[in-house]
Amino acid sequence: MIEEKQSFEILERALDAAGADEADAVFLSGDRNISRFANSNLHQNMSEESGELTMRVISGAAMGVASTTLFDRDEIARTAALAREAARHARPMPNFSGLYRGGEPASAVRTYSEAAHQTPAKKAAALRTMFDHGAGRGIQFAGSYTTAELAVACANSHGVRRFCRITSSDATVIGLRDGGSGYATQCSRAALDVAALGSRAIDKATLRDDNTEDFAGGDLDVILEPPAIAEVLDWMNLITFSGQAFEDGSSFFVGNIGKRVLSERFTLVDDSLDESFLPFPFDLEGLPRRRVTLIEHGVPRTPVVDKTYADRLSIPPTANAWHLGAPEHGTAFHMAVAPGNATRDELIASTKRGLWVTRFNYVNGLLEPKSALMTGTTRDGTFLIRDGKVAARLPNLRWTQSMVEAFSNIEGLSRDRECVSTWYNPFGGTLAPTMKIRGWHFDATSS
């Protein structure tokens with residue numbers, strides 16, 4: 001892991017080599033360990049130390065970006081030359097007022113926990129405890145357990161300098177028995193209790209294994225757990241919330257800012273300052289992070305944007321640059337859905353006939369972006385609810401559903417929320433409750 005002083009030395013070399021009107025750079029270095037397991041055996045333990053420098057140069061309001069994993073002066077000079085060449089072929093950015101000039105301190109949030117540091121041997125011992133527990137119930141486990149430390153540094157030619165170290169733990173556990181499966185996941189800045197995750201997966205894998213039914217399809221009330229909510233929000237991050245989606249008109253936010261188009265129960269924020277979530281103090285352009293409300297009681301408020309698209313769209317900056325060359329021009333990396341006042345069991349008990357879904361798989365969120373029409377399958381725990389009780393276990397089911405319609409039909413939310421990670425997001429995740437939605441469409445065939 002490269003420390004703060006070394007990070008800034010690399011960034012200074014980059015800025016010295018930029019040779020442009022303005023420039024900024026980001027240096028990421030990480031130390032990551034992942035333990036993968038299957039058939040209740042730890043079959044791979046991999047550790048990786050890595051580093052990457054990304055440079056951006058601005059020449060005549062045109063932008064060029066280049067990256068490297070070598071940090072000597074000659075390689076940085078070559079990377080700067082590539083960025084300048086890219087800028088030479090780029091069009092000037094409309095309304096661009098320049099890179100961020102600083103002046104505001106980054107938010108003081110705790111991003112580092114010594115408890116997150118788990119040696120491979122300690123992780124293996126925790127997994128062995130989980131495996132032994134599963135064996136007593138006829139359950140075999142598959143999944144992964146990852147711990148990581150990331151150092152993030154950014155700088156620009158206007159004197160902005162930011163540095164932060166973050167820790168993270170992330171585990172995904174699938175329990176398998178006789179064709180049935182159960183799923184549990186969690187991520188945190190601190191340590192995880194994988195044995196508790198294993199117990200949750202066992203409960204799902206064995207629930208109503210005495211009664212399995214088929215399902216003919218149709219529209220039913222659905223109870224979606226946090227991993228399912230997180231999956232569809234990840235797609236909406238791309239097709240709805242980004243600056244690019246707003247500009248090209250594919251987002252349903254276009255024409256609806258300030259109008260109630262979803263359920264009053266639905267509030268979604270991008271919040272990296274909540275220390276009980278996955279805090280992070282600044283974006284990668286150096287802007288201080290703040291709590292940004294995307295949807296407030298069903299009313300769209302703003303897309304999330306980087307500095308260039310804040311200027312381009314003439315909207316206030318939201319500090320959502322997570323890569324200097326990202327085509328989305330704004331990504332919500334700390335999505336949090338506001339909770340309700342029910343428990344999951346109360347949501348189930350309130351359902352005359354419906355489905356309880358653990359998570360989704362094979363989701364395609366690009367069917368019709370304007371209505372956020374998506375399709376996918378359920379996985380690792382799909383249950384039929386009849387008269388407020390879990391009546392039967394179901395096979396995996398295919399669904400096709402507009403998220404605009406779904407989030408207009410929210411009938412209840414749990415007060416408890418869970419933090420779910422995303423493979424592409426090293427900084428945050430999604431904090432979501434369990435959600436009851438009226439009239440979700442399931443196709444007739446199972447998958």
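Strands are DSSP runs of E of at least two residues, and helices are runs of H or I of at least four, both numbered from the N terminus. The model is predicted, with local features requiring pLDDT of at least 70 and side-chain atom pairs counting only at pLDDT 80 or more, whereas totals for chains, interfaces and linings use all residues. Residues are numbered from 1 along each chain as its sequence is written, and side-chain values use heavy atoms, with hydrogens and water left out.

Six strands form an open antiparallel sheet in the order 3-2-1-4-5-6, two strands being counted as paired if DSSP finds at least two bridges between them. Strand 3 and strand 6 (180–188) are the edge strands, each pairing on one side only. Strand 1 (residues 22–38) and strand 4 (residues 140–156) pair over 14 bridges in the antiparallel sense; within this pairing, phenylalanine 37 has glycine 143 of strand 4 as its bridge partner.

Arginine 56 is located in strand 2 (residues 41–59). This residue is buried, with a relative accessible area of 1% (buried: under 20%; exposed: over 50%; partly exposed: in between; 1.4 Å probe, protein chains only). The side chain of arginine 56 forms polar contacts with the side chains of aspartate 24 at 2.7 Å and glutamate 285 at 2.8 Å. A polar contact is a pair of N or O atoms within 3.5 Å; within protein, one must be able to donate a hydrogen and the other to accept it, and residues adjacent in sequence count only if both atoms are side-chain atoms.

Alanine 62 belongs to strand 3 (residues 62–68) and counts as buried because its relative accessibility is 4%.
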